[in-house]
Amino acid sequence: MAGQAMRIVAVGDAPDQPLSSDVGGLGAVAGYAARLHTSFDTVKPLWLRLEETGLCTGHQGFAWVEGIAKRLMPENAELLVVEVNDAATDAPVMLLPLMRRRARGHTVIEWLSGGVCDYSAPLLADARPWTRQSADAAWAAVCAVLPPTDRFHIAGIPRQIHGIDNPLALLSAVRDSIQIASGLALDGNPETLIKRICKSSFAKNFHKHCRRFQQMGKLDLVEAETPDMVEEQFATLLELRLNRFRELGRFDLLTQAPVVEFYRNAALQGLSDGSVRLFGLRVGEAYLAVIYVLVMKGTLHALLLGIDQDAVPNVSPGLTTIGKLMVWAREQGLGYFDLSVGSQGYKQHIGASSAVLAELCEAVTLKGRGSTAYIKLRGKTELFVRSKPGLYKAVQGVMRRFRRLKN
């Protein structure tokens, strides 16, 4: 990959400034300048600065994203990190980590995700307000420096980043997706947290489950604080999760060796700054559950959970782990517990609030129209199936039986 920025384009309101076809009629909008980086070498100092002083989710931490590029980016893909600056002052505005790859006879520009990035959110330099007009202008500058592509597909776009509107979610071309993200705001005394912020049914069950587990021995939530503990807990997480998913007939990315190595390496790296952590719910020396999380900007992102569902009949080690981890998070002064993407029933049982994520799915050329139309049709079909509980349950059953046969 090239080690330097390749191209800079400004989009502004100067009357004599030529506008590309991507910009259209945005010449009257306050200007933005974009710079394309095809290597982390040229953008790392700015990235680390925005990570520290700006706004971003745990999924946009430099170590996390660099690990995606090194271990999970397809061989035919190229890295595209776009730096957006204020055209008048050259002050940084945001960074967007993207990639371009070949896909069945055409090219697509996507978020740099690798299947391990829940949220497509730029690193914002500050808390400036965004409008649809300013977001479209910034995106026009981004598109002007990107290489040619047949289509764009960016999924998992959160509406806000730490209370600030996400400019990606404001784009005119963006629509609601079928994905839902859930979480709980944390506040007040950690000792009374569960009772105050969770549903009463969850609080009651949480305390009951803790008592049941304690009948087996001392119940502890143990953080992996050394490389040996990380290796031990990660191996346990992998075993518990794959056994459980195999039993349920569900697909899991952790069946893929590169993904396993990505998560293991990120956890070991995270020991240096606490950005990636593992916790095990343990009775004596026996693990009931292990959970893998990201911590950044006052938010805990719960990513992977492995549970021993057969440890004690009619008691949930998973919900017990989440409850204890929420208390731990509040003790550390964290203000939000992110339960990630998905509409699993346990999230509503806890009392989490949900928000629909957005998606950018746009064809640029005739080649890209077929795939774009297919993705949109698939989304509408899935949304229809989900709206029919009986049909959704039947489809899930068929898929589970099929996966069990494959295993």
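Mentor: Phe152 has 7% relative accessibility, so Phe152 counts as buried (under 20% relative accessible area, with a 1.4 Å probe and protein chains only). The model is predicted, so local features need pLDDT of at least 70, side-chain atom pairs count only at pLDDT 80 or more, and totals for chains, interfaces and linings use all residues. Residues are numbered from 1 along each chain as its sequence is written, and side-chain values use heavy atoms, without hydrogens and water.

Trainee: How are the rings of Trp139 and Phe152 arranged?

Mentor: Rings of Phe, Tyr and Trp (its six-membered ring) pair if their centres lie within 6.5 Å; planes over 60 degrees apart count as edge-to-face, and those under 30 as stacked. Here the centres are 5.5 Å apart and the planes lie at 65°, so Trp139 and Phe152 form an edge-to-face pair. Trp139 belongs to helix H3 (residues 132-145) and Phe152 to strand E7 (residues 151-157).

Trainee: What arrangement do Phe202 and Phe206 have?

Mentor: Their ring centres are 6.1 Å apart with planes at 20°, so this pair is stacked. Both residues are buried.

Trainee: How is the packing of two helices described?

Mentor: One gives the angle between the axes and the distance between them. Axes are lines fitted to C-alpha atoms over the stretch in contact, and angles run from 0 to 180 degrees between N-to-C directions. Helix H1 (residues 40-53) packs with helix H2 (residues 62-71) at about 150°, their axes 10 Å apart. The two are therefore roughly antiparallel (angles over 145 degrees).

Technical notes:
Helix = DSSP H or I, 4+ residues; strand = E, 2+ residues; numbered from the N terminus. Parallel < 35°, antiparallel > 145°, perpendicular 65-115°, else oblique. Buried < 20%, exposed > 50% of the residue type's maximum accessible area, 1.4 Å probe, protein only.
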